[in-house]
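Subject: Structure handover

Hello,

Here is the structure for your files. My notes follow below it.

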Amino acid sequence: MELKSTTIVLGLGLFFTSCNQAEISDAYGQFEVNEVRVSAEASGILKSFIIKEGMHLSVGEEVGLVDTTQLSLRKKELQSSVQSIRTNIAKLDAQADVFREQLTTTKRDLDRYTNLKEDNAATQQQIDQIRGQFNVLEKQIASVEVQKQSVYAELETMKARIAQVEDQIQKAHLINPVNGVVLSSFVETNELVSAGKPLYEIADLSEMELRVYVSGAQLPQVKLGQSVEVLIDKNADENERLNGEVSWVASEAEFTPRMIQTKEERVTQVYAVKIRVPNPDGKLKIGMPGEVNF
């Protein structure tokens, strides 16, 4: 009788041990997401800024404006310079037209005196004098064309400066770059901001990544694109099962992060693995613990 009782107790012990081992997942980690820190591209007073933590934003949505008063005044100044340059070009065109008319008249006189010279009705001195006038007019026209090239170059320079100012004005409009939820806001309306200063942080939470660490012995089981089972806490006693996909596997081993494993296991080298998990309902949060079975 005593022997039979001992056998039953040992059997129950093995049963519970087996159950506990069955509940151990292949790897553990935390959920993370690619966070985008949006910075200002212009300097000045922040005239408007609609960002609030937790709000949803779409790509291309305008979220604020940096003061563009000085840039607008600079653009008007450059536009006035462009108009003045175009007026100078018109004057040079008119001057060239006058010289061309004179050149046409002088050419007719030169042809006429050349014919008269053949009949001894004109002297070589008269022909040389008219030919000299003709040459001077040609040089004057060429000089005007050179001046026009210089003015046109100045015009292109002004257009480039206007384009630069317009680009600066465009950058003063704060455009959201990605779909997502605002995680943090760092400035308020009417603050002075400078180019490169962080304004807010945003992340697409529709899909999260569970970063876990596996040993070298587990690594052959892990493949890119592999479908895996992800577990998260449903309540104090139950887990919720989700579908995931291996999206990245580290190419080099590293030491186990201090916050993941026990003190004895911190010296163990492991490989980081990322599991992509859809999050349409928003139940997954940054930093939430998770487990995975390969």
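Two strands pair if DSSP finds at least two bridges between them. Helices (H or I, at least four residues) and strands (E, at least two) are DSSP runs, numbered from the N terminus. This is a predicted model: local features need pLDDT of at least 70, side-chain atom pairs count only at pLDDT 80 or more, and totals for chains, interfaces and linings use all residues. Residues are numbered from 1 along each chain as its sequence is written, and side-chain values use heavy atoms, with hydrogens and water left out.

The sheet:

Leu46 has Val66 in E5 as its bridge partner. Strands E3 (residues 44-49) and E5 (residues 62-66) run antiparallel and are joined by three bridges. Helix H3 (residues 124-172) packs on the sheet and touches E5 and E6. Its direction makes about 55 degrees with that of E6. Axes here are lines fitted to C-alpha atoms, for helices over the stretch in contact (heavy atoms within 4.5 Å). Angles run from 0 to 180 degrees between N-to-C directions.

The open sheet has four strands, in the order E6-E5-E3-E8, with antiparallel pairing. Its edge strands, E6 (173-175) and E8 (192-193), each pair on one side only.

Arg241:

Arg241 sits in strand E12 (residues 239-249). It counts as exposed because its relative accessibility is 58%; the cut-off is over 50% (1.4 Å probe, protein chains only). Beyond neighbours within four places in sequence, Arg241 contacts Glu229, Val230 and Leu231. Val230 is 11 residues away in sequence, yet 5.7 Å away in space, C-alpha to C-alpha.

Best wishes

How values were computed: Buried means under 20% relative accessible area, exposed over 50%, partly exposed in between (1.4 Å probe, protein chains only).
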